[in-house]
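Thank you all for coming.

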Amino acid sequence: MDLARMLLDARFYGAKSDTIDDVEIVREVSVDDSNEARLLILRVAHGGRHSLYQVLVDAAGDDILATAPELYLGAVAGGVGTRHGEDLPTGAARAVGGEQSNTSLIVGDRILKVFRRLEAGENPDVELLSRIPDCPNVAPVRGWVTAEIDGTDHTLAMVQDFVPDADDGWRFALGFSALDAPFGAEASLLGEATRAVHEALAQALPTESVNLSELAAKLTRQLDELVERAPVLAEYADDVRAVYAALDGGDTRVQRVHGDLHLGQVLRTPDTYILIDFEGEPARPLADRRMPDSPLRDVAGILRSLDYAAHFPAHSGGAGPEDPASWAQAAAEAFLEGYGIAPGPLLDAYVLDKALYEVVYESDNRPEWVDIPLAAVRRILGRE
């Protein structure tokens, strides 16, 4: 059984650039009468690090969670892990298509999100959503499953309300962009939804005041890391540092936020927008993702995503807005109006940080796309 090969081929495995040095089976549970299908928790050694992954494999070692979801439901119902909250849903299950980091199963009016990469401590998705169940712009968490590994609880899965008749926010926005149709009304509604979630989180969890110089120092440290990973950013580094340095002085409120908000992390229902996937940026350590941050982190994520939606059709060989920059700008202004804030230096700093991160990502994965975030960097720095 070649578990390393299976992981490298899997969409959910997040360290494909590293060589897998070893795969250790930490926990193994047979989930069918033939004993051929097994739920495994794997400790993967790669690049000098170790990561835990949850898989459901057949006799050949292939992951079958998406094709045999009832086996996973049976395993958890049979005592794999500790259940919290309501009982797990039962009945016919089907996997949600298009996911990468995790695998979600629709079971009746519930959705079971199975976390693939496991980390010690409470998963932010569970932590945040279980505290704001009455917010109309999230899908409430009804229960979750944990397992003790190496003496610490790890979140295996969580149960949420299933949101019917919903469209993926990214695809929804692209439908407008492809037709060069104004997205302002939709962006404003999304701004209102984002603000409602931030207000609910601020009421349910502690907030604090931090000096802007602290945020500037954090952004500068991130800049140094990003320049090292994408040398194309070196020529902008001094100007970026000047933007961050200008934040020195005064305080701002920080709180728990989504942490990785973009159009692909929202659903458009017939009435409103629902924010999903509150895990934060998956590449960041769990401890970092649980740290308070400015709500502008999420605002910047949506603004950058709107810019991508404006430019995506042309980069994909299709039609799109005649003037992508103007389409994105109008949508951005409507989003900010719906959220209830105006542009300012701190928001510019967060949008800049997000664009710099995107340059690194595109340089590594889609070099032909790198001009989209680079144009944003130049625009914020006044070079266009």
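This is a predicted model: local features need pLDDT of at least 70, side-chain atom pairs count only at pLDDT 80 or more; totals for chains, interfaces and linings use all residues.

Residues are numbered from 1 along each chain as its sequence is written, and side-chain values use heavy atoms, with hydrogens and water left out.

Rings of Phe, Tyr and Trp (its six-membered ring) pair if their centres lie within 6.5 Å, and planes under 30 degrees apart count as stacked, over 60 as edge-to-face and the rest as tilted; the count comes to 8 aromatic pairs. Phe12 and Tyr53 make a tilted pair, because their centres are 6.2 Å apart and their planes are at 40°. Both of these residues are buried, where buried means under 20% relative accessible area, exposed over 50%, and partly exposed in between, with a 1.4 Å probe and protein chains only. The charged end of Arg116 sits over the ring of Phe12, 4.0 Å from its centre, the rule being NZ of Lys or CZ of Arg within 6 Å of the ring centre and within 35 degrees of the ring normal.

Phe176 and Phe183 form an edge-to-face pair, at 5.1 Å centre to centre and 75° between the planes. Phe176 is partly exposed at 23% relative accessibility, whereas Phe183 is buried at 3%.

As for cavities, a cavity is a set of points on a 1 Å grid over the protein atoms alone where a 1.4 Å probe fits but cannot get out, and lining residues have an atom within 4 Å of a point. The structure holds 2 cavities of 30 Å³ or more, a volume being the space filled by probe spheres set on the points, which are joined across faces, edges and corners. The largest has about 90 Å³ of space, and 13 residues line it, with Val257, Gly259, Arg284, Arg289 and Met291 the closest to its centre.

Definitions and conventions:
On a 1 Å grid over the protein atoms alone, a cavity is a set of points where a 1.4 Å probe fits but cannot get out, and a pocket is an open set with protein on both sides within 12 Å along at least five of seven lines; lining residues have an atom within 4 Å of a point.
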